Amino acid sequence: LILSTAKGNPKLKDLFVRPNIITKRISGSLEAHANGKLLDPKNFGFRYTSLRGDKIDVLYNNIKHAFFQPCDNEMIILIHFTLKNPVLWGKRKYQDIQFYTEVGEITTDLGKYHHMQDRDDVQSEQLEREMRKRLNQVFQNFCDKVVRQTNEAFDFDVPFNELGFFGVPYRSSCTLKPTSSCLVNLSEWVRYFVRNWKSTFR
């Protein structure tokens, strides 16, 4: 991965990674690198750096699907990559990787900080709505900057919440959501599911 020296590279902070490639559960930042004029998928991509200094690189040319799932009606907000070819991180090969923030913990912590006394349900719900809106905007800005940085050669797919339904892709039921190209369940890592429409209905 070639790191761009340009200022203002798209960056998200305070993210965790799934699967648990890093030994300990440590947060980190995800930064996008491109040359600003012409996307070179062989040399540019994303780098995740944990607070401990662990690094995970994902190249543009090895990304088959890129998803951004907002935190509407979800306990996490995430960026998910399905890779064309598995990549060796640590001692195992992985074909999917996800960078996320847990919304529930953030809203709970903020509530304790801002309201030392008992809060009623209305205040609590308002605080959570504001935090979710803020997180969605931060992640959306990151995705928009990546699209502009790559001259629209790279884009993120977003699940349609209103079209979600229960299904059993494996042995247990979960909520499946369609995107423009796939049917996915991204929130539950144990039961995550990404299937291209063409392979689903061929």
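**Salt bridges in the predicted model**

In this predicted model, K177 and E74 join their side chains in a salt bridge, with N and O 2.5 Å apart; the term covers a side-chain nitrogen of Lys or Arg within 4 Å of a carboxyl oxygen of Asp or Glu. The two partners come from distant parts of the chain, 103 residues apart: K177 sits in strand 9 (residues 174–178), while E74 belongs to the loop between strand 5 (63–69) and strand 6 (76–89). Strands here are DSSP runs of E with at least two residues, numbered from the N terminus. K177 is buried, at 6% relative accessible area, and E74 is buried too, at 14%. Buried stands for under 20% relative accessible area, exposed for over 50%, and partly exposed for what falls in between (1.4 Å probe, protein chains only).

The structure has five salt bridges. Another one of them pairs R25 with E102, whose closest N and O atoms are 2.9 Å apart. R25 lies in the loop between strand 1 (11–18) and strand 2 (28–33) and E102 in strand 7 (residues 92–102), so this pair ties together parts 77 residues apart in sequence. R25 itself is partly exposed, at 48% relative accessible area.

D54 and R52 also meet through their side chains, with a salt bridge of 3.0 Å from N to O. D54 is partly exposed at 22% relative accessibility, and R52 is partly exposed at 45%.

A word on the numbers: residues are counted from 1 along each chain as its sequence is written, and side-chain values use heavy atoms, leaving out hydrogens and water. Local features need pLDDT of at least 70 and side-chain atom pairs count only at pLDDT 80 or more, whereas totals for chains, interfaces and linings use all residues.

Methods
Helices (H or I, at least four residues) and strands (E, at least two) are DSSP runs, numbered from the N terminus.
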